[in-house]
Amino acid sequence: MIPYGRQDISEADIQAVVDVLKSDFLTQGPAVPAFEKAVADYCDAHYAFAVNSATSALHIACLSLGVGKGDLVWTSPITFVASANCALYCGAEVDFVDIDSATYNMSVSALEEKLVKAEKTGRLPKVVIPVHLAGQSCEMDKIHALGQKYGFRIIEDASHAIGGKYKGKAIGGCQYSDITVFSFHPVKIITTGEGGMCLTNDPQLAISLNRYRSHGIVRQASEMTHAPDGPWYYQQIELGYNYRMTDIQAALGLSQMKRLDEFVAERHALATRYNELLQEDWIELPWQHPDTYSGLHLFIIRIKKNKQGITHRQLFEKLRTAGILVNLHYIPVYTHPYYEAIGYDRKEFPQAESYYSEAISIPMFATLTESEQQFVVDAIKKPSGYQNLF
Ligand SMILES: *Cc1c(COP(=O)(O)O)cnc(C)c1O
């Protein structure tokens, strides 16, 4: 079987985890701040907070920006459900902005159109969550400019995008956003098993993110409502959660960070080969905006209808049968029954609909071998002419 993505764990990664297991602290020890510092330094962000998943990171990012009942949050429909669920956790409403036909990221023109209408009806969003699909940054300068004009805050869902760049700078530096979120799930670019992180440059947001990830408890006198009762004292000043990452996970993440650039370079080498080998008039290859350097979490091709007498669905099934665990990232969020019940009009998202009928994520991960890649290419090009190898 060839998965669409998987982790790459080295002996050094294993040793780093073993070292924590033999140490005094399995959680709330030194590995978490060390991992946070490594990511913050890499991204040139002032603050980084490790949490137990990107889903938790998105939740506390929304809470820290004051998202609550009566607020609107907008995101892309072509994303994992967590990008939208985070707003619902806060009691807010979610709406979607259609995608761009070339990058498959949130379309800036669709966003602007929707903002113009929303301003008239008094339904402007409080927060917009652009998602860097497959690792390619959204057009953050333009989204940021719209944020200034219409007064919304920005959370970058960069779950796919650590190691990528926008306008020459590492994604995560928050030049054009309030908070950036990374995921360290094993299919993503680096892993901690489960895990995520929030980055920000804003000292107020930093205090808030830190509190929300650990029960809303503060331990510094400066953050308390009155002088401490004694040396044992702490205060819960808001309703937070236990979203902390363990030191076992952080040690793995810190060790993986050392190979981040290598991982992304390997993904680019694979993408270059795919781009050469899959030059077919019925395949649309991923287009890269010149302002971006993608982390290449995913390699998404689009099957232009029936060009070789086979539908998108048939090709998908044949690849799966051949042991190539292709995937579709993503099912438009508004089509999930939970969201359907809230009520969205599919006609509002023609590009997302078209994307969903054509997209396939083919294997893309640092340890994919050349012969495995060749097998994938052959299977795509000759879907009826190959034997099942697995
Ligand atoms: C994976 C992913 C998430 C959720 O990440 P977890 O760490 O699994 O919670 C959120 N958004 C996007 C776009 C993702 O791909």
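**Close-up views of a predicted protein–ligand model**

View 1. Arginine 313 is exposed, with a relative accessible area of 60%. Here exposed denotes over 50% relative accessible area, buried under 20% and partly exposed in between, with a 1.4 Å probe and protein chains only. The model is predicted: local features need pLDDT of at least 70, side-chain atom pairs count only at pLDDT 80 or more, and totals for chains, interfaces and linings use all residues. Residues are numbered from 1 along each chain as its sequence is written, and side-chain values use heavy atoms, with hydrogens and water left out. Arginine 313 forms a salt bridge with glutamate 317, their closest N and O atoms being 3.1 Å apart. A salt bridge requires a side-chain nitrogen of Lys or Arg within 4 Å of a carboxyl oxygen of Asp or Glu. Because the two residues are four apart in helix 10 (residues 312-321), about one helical turn separates arginine 313 from glutamate 317. Helices (H or I, at least four residues) and strands (E, at least two) are DSSP runs numbered from the N terminus. Glutamate 317 counts as partly exposed, at 40% relative accessibility.

**View 2. Salt bridge between arginine 259 and aspartate 13.** The two side chains meet at 2.7 Å, N to O. Arginine 259 lies in the loop between helix 8 (247-257) and helix 9 (260-277), and aspartate 13 in helix 1 (residues 11-21), so the pair ties together parts that are 246 residues apart in sequence. Both arginine 259 and aspartate 13 are buried. The total by this rule is 21 salt bridges.

**View 3. Helix 7 and its surroundings.** Buried residues of helix 7 (residues 203-212) are Leu205, Ala206, Ser208, Leu209, Arg211 and Tyr212. They pack against strand 2 (47-51), helix 3 (54-64), strand 6 (153-157), strand 9 (179-183), strand 10 (196-200) and strand 11 (217-218), a contact being heavy atoms within 4.5 Å. At the N-terminal end, aspartate 202 caps helix 7, with a side-chain oxygen 2.8 Å from the backbone nitrogen of glutamine 204. Arginine 211 counts as buried at 16% relative accessibility, and its side chain meets that of glutamate 238 in a salt bridge (3.7 Å, N to O). This pair links distant parts of the chain, with arginine 211 in helix 7 and glutamate 238 in the loop between strand 12 (235-236) and helix 8, 27 residues apart.

**View 4. Leucine 58 in helix 3.** Leucine 58 lies in helix 3 and counts as buried at 1% relative accessibility. Not counting residues up to four places away in sequence, leucine 58 touches Ala82, Ser83, Cys86, Ile129, Ile155, Asp157 and Val181. The C-alpha atoms of leucine 58 and phenylalanine 182 are separated by 9.2 Å, although these residues are 124 apart along the chain.

View 5. The ligand is surrounded by 15 residues, of which the closest are Thr55, Asp157, His160, Ser183 and Lys188; a residue belongs here if one of its heavy atoms lies within 4 Å of the ligand. A ligand oxygen is 2.5 Å from an N or O atom in the side chain of threonine 55. Ligand nitrogen atoms are placed 2.8 Å from such an atom of aspartate 157 and 3.3 Å from one of serine 159. The protein covers 92% of the 380 Å² of accessible area that the ligand has on its own, as computed by the Shrake-Rupley method with a 1.4 Å probe. Helix 3 and helix 4 (82-89) are the elements that give two or more residues to this shell.

Key
A polar contact is a pair of N or O atoms within 3.5 Å; within protein, one must be able to donate a hydrogen and the other to accept it, and residues adjacent in sequence count only if both atoms are side-chain atoms.
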